[in-house]
Amino acid sequence: MDHVDQIIAQWNRERPDLDVGPMEIIGRLSRLATVLRAEMTATWKIHGLNAASFDVLATLRRSGKPEGLSPGRLLELTMVTSGTMTNRIDQLVKAGLVERVQNPEDSRGFLIRLTDAGLTKIEAAVADHVQTQQSLTDGLTDEQKTALNTLLRTFASSIDEAK
């Protein structure tokens with residue numbers, strides 16, 4: 001019996017008229033998200049990063065575009081507001097991890113690209129990040145991981161469609 005089971009038992013005792021089944025799912029996902037985020041945050045911190053800086057650096061790295069990405073494309077791939085992205089880029093420029101370079105396809109625009117220091121940092125950080133995620137999911141079999149991924153994808157899709 002976990003903490004969520006205790007909460008559900010209490011609600012079932014106090015309010016048997018309510019179907020608190022969804023509370024089990026959402027409660028467990030919320031508790032897991034908190035634990036997972038804390039573990040990943042600790043890993044990013046080792047590299048002097050936080051969730052925001054890791055997100056931008058990882059997006060640039062996984063894009064497969066060493067010449068960089070436009071700020072607009074970064075916005076699309078990270079799903080943050082333009083003000084937030086500008087602040088993230090400014091901080092990463094100050095840290096020497098990314099640079100703004102002239103866009104060869106648009107003389108009025110610029111691209112954001114990893115510096116050598118940024119590439120070195122994200123290479124190390126993402127390797128440790130993947131290891132952290134691996135250790136967090138080690139308690140599941142490959143079949144369980146596949147089943148959980150399928151269920152979570154379906155759940156996320158059902159919520160997206162309902163919006």
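Reader: Which residues does Val 98 contact, leaving aside its neighbours within four places in sequence?
Author: In this predicted model, Val 98 is in contact (heavy atoms within 4.5 Å) with Leu 57, Leu 60, Ile 89, Leu 92, Val 93, Ile 112, Arg 113, Leu 114 and Thr 115. Val 98 itself sits in strand S1, residues 98-103; strands are DSSP runs of E with at least two residues, helices are runs of H or I with at least four, and both are numbered from the N terminus.

Reader: Why is Val 98 called buried?
Author: Buried means under 20% relative accessible area, exposed means over 50%, and partly exposed lies in between, with a 1.4 Å probe and protein chains only. The relative accessible area of Val 98 is 2%, so Val 98 is buried.

Reader: On what basis are the values and numbers stated?
Author: Because the model is predicted, local features need pLDDT of at least 70 and side-chain atom pairs count only at pLDDT 80 or more, while totals for chains, interfaces and linings use all residues. Residues are numbered from 1 along each chain as its sequence is written, and side-chain values use heavy atoms, with hydrogens and water left out.

Reader: How do you know how far the predictor trusts the chain?
Author: From pLDDT, its confidence in each residue on a scale from 0 to 100. The chain has a mean of 95, and 100% of its residues reach 70 or more. Confidence is lowest in helix H4 (residues 71-78), at a mean of 91, and highest in H6, at 98.

Reader: What makes a set of residues the largest nonpolar core, and which members touch the most others?
Author: A nonpolar core is a set of buried Ala, Val, Leu, Ile, Met, Phe, Trp, Tyr and Cys residues joined through side-chain atoms within 4.5 Å. The largest has 19 residues, and Leu 49, Phe 54, Leu 57, Leu 60, Leu 74, Val 98 and Ile 122 touch the most other members. H2, H3 (51-62), H5 (82-94), strand S2 (106-114) and H6 (116-137) each supply at least two residues of this core, and H3 gives the most, with five. Ile 122, for its part, touches Phe 54, Leu 57, Ala 58, Arg 61 and Leu 114, not counting residues up to four places away in sequence.

Reader: Are Arg 88 and Asp 55 buried or partly exposed?
Author: Arg 88, at a relative accessible area of 17%, is buried. Asp 55 has 22% and counts as partly exposed.

Reader: What is the N to O distance between Glu 123 and Arg 61?
Author: Their side chains meet in a salt bridge at 2.2 Å. Glu 123 in helix H6 and Arg 61 in helix H3 lie 62 residues apart, again linking distant parts of the chain. Glu 123 is partly exposed at 36%, and Arg 61 is partly exposed at 38%.

Reader: How many salt bridges does the structure hold?
Author: Eleven. One of them joins Arg 15 to Asp 17, with the closest N and O atoms 2.7 Å apart; Asp 17, at 55%, is exposed.

Methods
A salt bridge is a side-chain nitrogen of Lys or Arg within 4 Å of a carboxyl oxygen of Asp or Glu.
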